[in-house]
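Visitor: Could you show me how to read a few features of a protein model? I would like the general idea before each case.

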Amino acid sequence: RPSAGVCVFEEYRLLGERCPRADIFESWYVRHTEHAFEDQHCARELGDRSRCWDAGILARYVTTPLFLVQNRYDSNQIHNEMLCDMCTDNISAMSEHVRNYMSYFGNHTEMTLRDLSSRFGHSVFMPNCYAHTQNLELTNSASIDGQTFMTALKDWFFDGVQHAHFDDCGDLPCSPNCDGSSAALQVAMLI
């Protein structure tokens with residue numbers, strides 16, 4: 001049975017990897033309050049329609065090739081959804097609990113994306129950054145395997161090239177150019 005999702009920081013701190021995953025509640029909430037789209041093939045196969053809302057599971061049932069772009073440590077997910085106020089890209093400021101949680105979160109993100117790439121043929125561009133999207137702009141993004149987000153996306157879209165780029169610089173945020181400051185400066189200069 002496919003799984004995706006992680007648990008919130010405080011539960012992880014208390015229970016470790018035995019903690020209840022937050023995506024189970026989120027999937028139930030979205031299904032019952034927002035009446036979200038449900039992929040019927042996924043619902044039949046899993047026997048639990050609420051699980052089919054999760055992107056890491058739903059992408060398994062999408063036959064059209066996808067190009068997935070995700071930071072290993074999505075700061076919006078970690079801070080606002082998983083409630084880790086102490087999580088940061090400053091490794092020296094991290095407590096042991098924060099380092100363990102960040103590693104757990106990043107490993108789970110990478111495992112899910114690697115599975116979607118290798119087993120389902122989706123393309124992936126995953127910088128090893130603690131950021132939401134500021135480093136994923138077309139004009140200025142991290143480079144992985146000599147490819148930027150824009151060059152990989154162009155290859156995929158125009159030439160049908162499948163890409164699987166995972167920045168493997170370490171277990172905690174370590175990619176260069178994670179802040180997207182050059183892109184932000186370019187935008188500010190245009191205004």
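Guide: Gladly. A polar contact is a pair of N or O atoms within 3.5 Å; within protein, one must be able to donate a hydrogen and the other to accept it. Keep in mind that this is a predicted model. Here, a polar atom of the His-122 side chain lies 2.9 Å from the backbone oxygen of Ala-59.

Visitor: Which backbone nitrogen lies 3.1 Å from a polar atom of the side chain of His-122?

Guide: That of Leu-66. His-122 itself sits in the loop between helix 6 (96-118) and strand 3 (123-126).

Visitor: Is His-122 buried or exposed?

Guide: Buried means under 20% relative accessible area. His-122 has 1%, so His-122 is buried. Residues that His-122 touches include Val-62, Leu-116 and His-163.

Visitor: Now the disulfides, please. How many does a search of the whole structure find?

Guide: Four. For Cys-129 and Cys-178, the sulfur atoms are 2.0 Å apart. The torsion about their S-S bond is about -75 degrees, so this disulfide is left-handed.

Visitor: Which parts does the pair of Cys-129 and Cys-178 tie together?

Guide: Cys-129 lies in the loop between strand 3 and strand 4 (130-131), and Cys-178 in the loop between strand 7 (164-166) and helix 8 (181-190), so the linked parts are 49 residues apart in sequence. Cys-129 is buried at 0% relative accessibility, and Cys-178 is buried at 16%.

Visitor: What is the handedness of the link of Cys-84 and Cys-87?

Guide: Right-handed, with 85 degrees about the S-S bond. Both Cys-84 and Cys-87 are buried.

Conventions: Residues are numbered from 1 along each chain as its sequence is written. This is a predicted model: local features need pLDDT of at least 70, side-chain atom pairs count only at pLDDT 80 or more; totals for chains, interfaces and linings use all residues. Side-chain values use heavy atoms; hydrogens and water are left out. Helices (H or I, at least four residues) and strands (E, at least two) are DSSP runs, numbered from the N terminus. Buried means under 20% relative accessible area, exposed over 50%, partly exposed in between (1.4 Å probe, protein chains only). Contact means heavy atoms within 4.5 Å. A disulfide is a pair of cysteine sulfur atoms within 2.5 Å. Lists of a residue's contacts leave out its neighbours within four places in sequence.
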